[in-house]
Structure formats: structure tokens, C-alpha cells
Amino acid sequence: MQGLMGEIQQHVVRTQVRLFACRERLQADTDSEALHDLRIALRQLRSLLRPLTALTACADLQQRAAELGRVTGPLRDLEVLHGYLHEQGLSMAAQARQPLLRQGYSALLSSAALAQLLS
């Protein structure tokens with residue numbers, strides 16, 4: 001059992017590093033997949049923690065990950081819509097949503113949900 005717990009801890013730490021990297025990618029605006037990758041890492045973290053919810057720290061972390069998932073969902077939807085509009089040649093419609101995306105990224109990066117999860 002100790003070996004399994006060690007493996008879970010290692011995987012949680014790797015996932016945490018991925019979350020930090022995704023946050024940095026969002027801040028640097030380096031690619032369009034940063035938010036998507038952040039959401040994938042959140043789902044993986046939640047899956048890892050689900051069997052350990054009897055432990056208070058794991059339950060708290062899972063709740064924080066769930067909250068961040070709820071916060072990022074609408075922003076990811078907007079991001080996908082923005083990309084789709086570009087693909088369809090509707091540049092004006094895509095450009096109209098660009099400020100909303102930037103505001104959303106900024107709000108996410110300064111959100112309590114992200115700060116609490118990464119603390």
C-alpha cells in the first residue's frame with residue numbers, strides 16, 4: 001500500500017507541475033492550447049484524488065480542482081468558438097470575441113480559484 005501511495009503522490013506532483021506550466025503558458029500567451037491542457041490536468045488530478053476523498057487534504061484539493069473546472073468551462077467554450085469562427089472565415093465575429101477572451105484569461109489568472117488550487 002505504501003508503494004501505491006508513493007506513486008499517487010508522484011503523479012499528483014507531476015500534475016501540479018503541469019498546472020503551473022499551463023498557468024505560465026496562459027500568462028505568456030504562448031499557445032492556444034494552454035487552457036485546454038490546464039483543464040485536462042484538472043480532470044486527471046480529480047481522478048487521482050477521487051478514491052482518496054476520505055482524507056481531508058485530498059477532499060479539499062479535489063473541491064478546489066472542481067471549482068477551477070467550473071470557472072474555466074465557459075472560457076474554454078469561448079476559446080473554441082473563437083477558433084471555429086476563424087476556421088469558418090468569420091474574422092470579424094472572431095475579433096469581436098478577442099477582448100472577451102483576453103479579459104477571461106486575465107480574470108482566470110488573478111482568480112482565487114486558481115490561486116487556492118496552486119497554493
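Helices (H or I, at least four residues) are DSSP runs, numbered from the N terminus. The model is predicted: local features need pLDDT of at least 70 and side-chain atom pairs pLDDT 80 or more, while totals for chains, interfaces and linings use all residues. Residues are numbered from 1 along each chain as its sequence is written, and side-chain values use heavy atoms, without hydrogens and water.

A pocket is an open set of points on a 1 Å grid over the protein atoms alone, where a 1.4 Å probe fits, with protein on both sides within 12 Å along at least five of seven lines; lining residues have an atom within 4 Å of a point. A volume is the space filled by probe spheres set on the points, which are joined across faces, edges and corners.

| Pocket | Volume |
|---|---|
| Largest pocket | about 200 Å³ |
| Second largest pocket | about 170 Å³ |

Of the 15 residues lining the largest pocket, D31, S32, E79, L101 and Y105 are the closest to its centre. The lining of the second largest pocket consists of M5, I8, Q9, V12, L49, L52, L55, C58 and L61. Helix α1 supplies the largest share of that lining, 4 residues.

Helices α2 (residues 34–49) and α3 (residues 56–87) have axes that come within 9 Å and cross at roughly 155 degrees; axes are lines fitted to C-alpha atoms over the stretch in contact, and angles run from 0 to 180 degrees between N-to-C directions. Helix α2 is therefore roughly antiparallel to α3 (angles over 145 degrees).

Methods:
Helices (H or I, at least four residues) and strands (E, at least two) are DSSP runs, numbered from the N terminus. Angles under 35 degrees count as roughly parallel, over 145 as roughly antiparallel, 65 to 115 as roughly perpendicular and the rest as oblique.
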